[in-house]
Amino acid sequence: MVTTSTTQNLLLAAQAARDTAQWQQAVNLYLELELVLSSSAEIKHNLGLSYLGMGQTQRALDACLSALKIKPSLWQSTAIIAKAYQALGQMEQAQAYFQKMLGGPGEAQARIGLADLAMNEFGNPLGAIELVASLSGNPEYCMDAQLTMLMASLYDRPNWNKPGDALAISNQIRQFSKDYLRLPDVRLAPFKNHDTLYKKASYRPRVGIISPLFGVSPVYFLTIAGWRKIAKDCDVIVFSRGDQNDWATARFQELASEWISVAHMSAVHLAQRIRQEDLDVLYDLGGWMDAVALQALSTKPARKMFKWVGGQSVTTGLDCFDGWIGDQYQSPERLQKLYSEPLILIPGSYATYVPPSYMPKPLRSQKSKTPCVFANPAKVSIPFLQALGKIMSEKNGEVVFIHRQYQYPVIQERIRAVLGKRAHFVFPKTHLEALQAVNSHEVMIDTFP
């Protein structure tokens, strides 16, 4: 027989595990509580939250749908359902659930979620800015709102080509970093004394890498050659901040001495977890794709830290990094004023491209003379579309946009509002299909900025 005091103790233990991101322990405890409190919407909600933290997205979705059946007003479960659908790649369902929260107590969180979808899935940075503008004065959500507006402005913004644009954005990022990305009063264990170990020929340096994109992404194609070389003489500790699991993820796992999943960990706990590994050096491969990780790194949890591939469009604004790895083309020395990190220029190129095994062979004939654009639609800015429209009008030509995200009518409508019927769309289902589509065109036009 389970007593009231036992149930209360289980609740306290489950909440403690949840609050410290000990997701498996939290799930076990909430499952035990569910046996006793089967009609509790809150127990099912917290179970869903914990499943989401573990990356078990479908179970998170099922648990929170059950919570809503019991208590339809539990908007927190609606938010988890929206995030779960987003993680499952069902973006329109995610959008629908976020929209259900508008006009209620969860409106601020809904606006942040809808803005994320607008910018990163539906290719509308200006729409993302509009969604969060009203939250700038909200103490709880102003950081998320300002971050959204800042990142969206890198892709598109109402006023273009003002004098000093690049420096102005860099300064805004530094100010944001100063206001929000420094974690105050975080106590980290001291580094171990490795003086004697360093002198031993058998010592293997401990090298950490952190990113939300350890999968089929530029993080793989541009860095895997380097990690394979480093892994021969060093222990590579991977801090995975995402839920990707594909063939490229497996390649990272093969070279890792340790694989640590920290996808839904808070910044404080992440900093403490990194320090536990007593790293000689840490490479950040996430940058502005992962502001929580930047908060954790602001505490400098590794002896040396460098910023490399991944979310590397702009400076982090942090002063904790020992260097920004680029080259004379990617981040020329004359632009040091735009970076808070010291620029480290690699001769030749800052990265080595490793193609996938399924890279199509170049076609020698039968290529389409219609130019293509292969880019995330968020990068298809209004100035780019206007410039492209002028070119197409002069040549009386058409253009093909290639990316899976162009499947959404809202994106097609935005582009056709400028280009009309001259715009055509291909939305490949796989990376191979995308490469094959690009390979079938003679010319590819890059976006700007």
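Guide: One term before we start: helices are DSSP runs of H or I with at least four residues, numbered from the N terminus. And note that this is a predicted model.

Visitor: Fine. Where does T78 lie?
Guide: T78 is in helix α5, which covers residues 75–87.

Visitor: Is T78 buried or exposed, and why?
Guide: T78 has 7% relative accessibility, so it counts as buried. The cut-off for buried is under 20%.

Visitor: What does T78 touch?
Guide: Leaving out residues up to four places away in sequence, T78 touches L68, Y97, K100 and M101.

Visitor: New topic. What's the strand order in the seven-stranded sheet?
Guide: The order is β3-β2-β1-β4-β5-β6-β7. The sheet is open, and the pairing is parallel.

Visitor: Which strands stand at the edges?
Guide: β3 (258–261) and β7 (343–345) do. Each has a single partner strand, so one side of each has no neighbour in the sheet.

Visitor: And the twist?
Guide: From one strand to the next, it averages 25°.

Visitor: How many bridges pair β1 with β4?
Guide: Four, in the parallel sense. β1 is residues 206–211 and β4 is residues 281–284. As one example, G208 has L282 in β4 as its bridge partner.

Visitor: What about R206?
Guide: R206 is found in strand β1. Its relative accessibility is 18%, so R206 counts as buried too.

Visitor: What does the R206 side chain contact?
Guide: It makes a polar contact with the side chain of E258, at 3.0 Å. The residues R206 touches also include D235, I237 and D280, among others.

Visitor: And L279?
Guide: R206 touches L279 as well. The two are 73 residues apart along the chain, but their C-alpha atoms are separated by 5.1 Å.

Visitor: How many bridges join β8 to β9?
Guide: Three, and β9 is residues 399–402. V373 has F401 in β9 as its bridge partner.

Methods: Residues are numbered from 1 along each chain as its sequence is written. This is a predicted model: local features need pLDDT of at least 70, side-chain atom pairs count only at pLDDT 80 or more; totals for chains, interfaces and linings use all residues. Side-chain values use heavy atoms; hydrogens and water are left out. Two strands pair if DSSP finds at least two bridges between them. Helices (H or I, at least four residues) and strands (E, at least two) are DSSP runs, numbered from the N terminus. Axes are lines fitted to C-alpha atoms, for helices over the stretch in contact, and angles run from 0 to 180 degrees between N-to-C directions. Buried means under 20% relative accessible area, exposed over 50%, partly exposed in between (1.4 Å probe, protein chains only). Contact means heavy atoms within 4.5 Å. A polar contact is a pair of N or O atoms within 3.5 Å; within protein, one must be able to donate a hydrogen and the other to accept it, and residues adjacent in sequence count only if both atoms are side-chain atoms.
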